[in-house]
Amino acid sequence: MIRVVLVDDHAVVRAGVRAELEDHVDIVAEAGDVGDAIDAIVAAKPDVVVCDVHLPAGTASAVIRGVVDRGVNTKFLALSVSDAAEDVIDVIRAGARGYVTKTIDGGELLQAVQRVNDGDAVFSPRLAGFVLDAFSTDLDAPADPELDRLTAREQEVMRLLARGYAYKEIARRLTISIKTVETHASAVLRKLQLSNRNELARWAANRRIV
Amino acid sequence: MAPVTTTSALPPVRWQIPPIDPEQRWIGGAAAAIATEIGVQPLVIRGSFVVLALAGGWGLVFYVIAWAALAILNPNLRAPYYPVAKGETTVHRHGAVAMIVLGLLLGLRSVAFGFSDQIVFPVGFVLLGILIAWTRRDDEAGLSAVTRTVAGVAVGVGGGTAFIILVTLSADLTAALLLLVVAVAVAGGVGIVAAPSLARIGRDLDHERQERARADERALVAAHLHDSVLQTLALIQRHATDPRRTAQLARQQERELRTWLYNPPSPSSQPGTVRIGSALEDMAAEVDATHGVPVKVITVGDNSNVDHTAIEPLVAAAREAAVNAAKHSGANHVDVFAERYDDRIEIFIRDTGRGFDPADTAADRRGIAQSIVARMRRAGGTATVHSEPGQGTEVELIMPLSAPNPTTTTTTTRSDP
């Protein structure tokens with residue numbers, strides 16, 4: 001069973017997520033703030049951490065960096081009510097493997113946890129929209145063409161994700177395997193994390209919540 | 001005594017003679033020390049010593065005594081000294097002020113300098129007033145600051161004026177000129193006293209105004225939360241047994257609150273133009289409210305406003321498609337994705353519901369689909385409906401945007417050769 005740590009400052013939210021997940025995953029610890037979360041994750045060494053973006057005295061990215069500093073290797077799935085591009089991009093660039101909103105239903109959340117545990121990326125339609133927006137400006141001279149641009153296929157996959165398609169529906173529509181869809185999604189996540197294009201930060205800061 | 005006594009963080013509040021920085025002392029540092037301790041300008045004390053020195057040499061005597069006391073009572077100048085916080089020794093300070101003024105008056109009288117009571121007393125009152133006003137604490141604000149300033153001015157002006165009137169009653173001719181000098185001195189003294197205090201009061205008022213603005217802002221937020229969030233929470237409690245209605249209310253409120261928090265109406269936006277994203281959000285909120293199915297909107301490339309006339313048929317078609325999905329598909333939500341390109345806007349309205357067979361002409365959903373297609377065609381765009389029984393439905397809308405400048409340029413270059 002996948003071992004999971006829940007981090008959210010609202011006990012009600014933790015209880016809700018626990019109720020949705022506990023039949024299928026092993027919830028080994030819960031925490032409500034950045035310090036507790038780092039300690040709990042370092043102690044429990046879970047497979048996946050489901051982490052709220054906004055915590056008292058910090059954000060999920062502080063938890064991710066703290067855990068990495070303590071030498072623990074685990075995978076993060078960000079869960080948030082905030083759809084602010086700045087927060088989403090920040091937590092992904094800190095190393096989260098995916099981002100979903102709290103309105104996600106139980107089955108989708110479980111799928112997201114499993115996908116993150118398998119090392120794949122999880123894109124909510126909103127995150128896919130952000131990626132398309134952030135990478136939409138054409139660069140005359142990209143610093144690193146490998147990282148600063150999406151391929152045509154990656155754009156196609158992101159568009160379908162933003163349109164609400166599930167991975168298997170995308171696979172059928174593009175007549176490729178689900179594994180290939182996952183590969184494209186992981187490649188986009190990597191670009192999002194590693195690209196140094198200035199537009200990314202500026203875009204995220206300027207973009208307001210929808 | 002133990003070598004290490006209590007090293008409290010709090011400075012001891014007591015009357016003591018402060019060691020004076022060599023750079024601050026003029027002769028022995030006595031005047032500077034007294035000034036530091038009672039919290040007035042050293043110049044006041046120095047002036048007092050000078051006046052007293054001229055008054056039969058008493059100033060010199062006092063100075064030597066003060067300097068000796070400084071040297072004897074406080075031999076360890078390296079010991080940490082905590083200046084007594086301004087305002088914590090008000091009794092001491094007021095006592096000192098009173099003594100200084102008294103000394104000045106007596107000194108002036110004994111020397112006489114050709115001055116009579118007519119001058120000594122008004123000037124004395126003015127000085128007393130100035131000193132009362134100066135003893136104000138830095139952090140003192142509001143009523144007590146005003147009181148102190150008013151008291152200072154009243155003592156100076158009132159005392160001076162009263163004495164002038166007394167003198168005038170028994171006036172001779174030379175007194176008239178003297179009177180003028182005194183009046184000018186009083187006015188000058190009042191100015192000196194009032195200026196810094198008025199400035200301070202001005203700052204305080206400014207501070208109060210900011211506080212009030214902040215309170216107003218809070219009240220505005222509270223009022224809004226009361227009208228919206230609290231009302232919705234009350235409604236949700238009443239509909240607790242109806243999960244669908246509850247969820248709908250919550251979504252509606254969430255949408256409304258997000259808009260209020262993050263998308264304040266921008267006054268700079270041109271009339272007659274609209275953001276495709278906000279137009280679709282409004283549509284989504286309306287469909288959700290009417291049909292109880294959440295509509296999630298994702299927008300890409302929505303960087304600037306678009307002409308209202310271009311958007312209207314597009315949003316109307318999108319609404320029709322979303323309503324169609326909400327009413328007939330049975331899906332638990334509808335996804336709307338809009339992307340703005342330089343030359344067109346594309347919108348996809350998708351549900352994962354039961355779908356239908358586009359070839360089945362009898363289906364009512366096909367009729368609606370046709371009306372969407374017809375509407376888009378009339379407006380100069382296209383609409384395509386993709387559906388399959390059991391596979392959900394997706395409506396694709398494409399609306400070309402007239403880009404005014406590039407079109408003209410293309411036409412010109414073509415006719416050139």
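**View 1. The accessible surface and make-up of chain A.** In this predicted model, the accessible surface of chain A comes to about 9100 Å², and 49% of that surface belongs to carbon and sulfur atoms. Of the 210 residues in chain A, 56% are buried. The chain contains eleven helices together with eight strands.

**View 2. The contact between chain B and chain A.** The size of an interface is often expressed as the accessible area that is lost when the parts come together. For chain B and chain A the buried area is about 1900 Å², with 45% of it on carbon and sulfur atoms. Chain B gives 20 residues to this contact, and chain A gives 22 residues.

View 3. Four salt bridges are counted between chain B and chain A. In one salt bridge, Arg350(B) pairs with Glu169(A), and their closest N and O atoms are 2.9 Å apart.

**View 4. The side of chain B that touches chain A.** The elements of chain B that each give two or more residues to this side are helix H8 (243-262), strand S2 (295-300), strand S4 (334-340) and strand S5 (344-351). The largest share, four residues, comes from S2(B). Sorted by class, the side of chain B that touches chain A has seven nonpolar, six polar and seven charged residues.

Conventions. Residues are numbered from 1 along each chain as its sequence is written. Chains are lettered from A and ligands numbered from 1 in the order in which they are written. This is a predicted model: local features need pLDDT of at least 70, side-chain atom pairs count only at pLDDT 80 or more; totals for chains, interfaces and linings use all residues. Side-chain values use heavy atoms; hydrogens and water are left out. Contact means heavy atoms within 4.5 Å. Buried area is the accessible area (1.4 Å probe) that two parts lose on being put together, summed over both. A salt bridge is a side-chain nitrogen of Lys or Arg within 4 Å of a carboxyl oxygen of Asp or Glu. Ala, Val, Leu, Ile, Met, Phe, Trp, Tyr, Cys and Pro count as nonpolar, Asp, Glu, Lys and Arg as charged, and the others, Gly among them, as polar. Buried means under 20% relative accessible area, exposed over 50%, partly exposed in between (1.4 Å probe, protein chains only). Accessible areas come from the Shrake-Rupley method with a 1.4 Å probe; for residues, only the protein chains shown count as cover.
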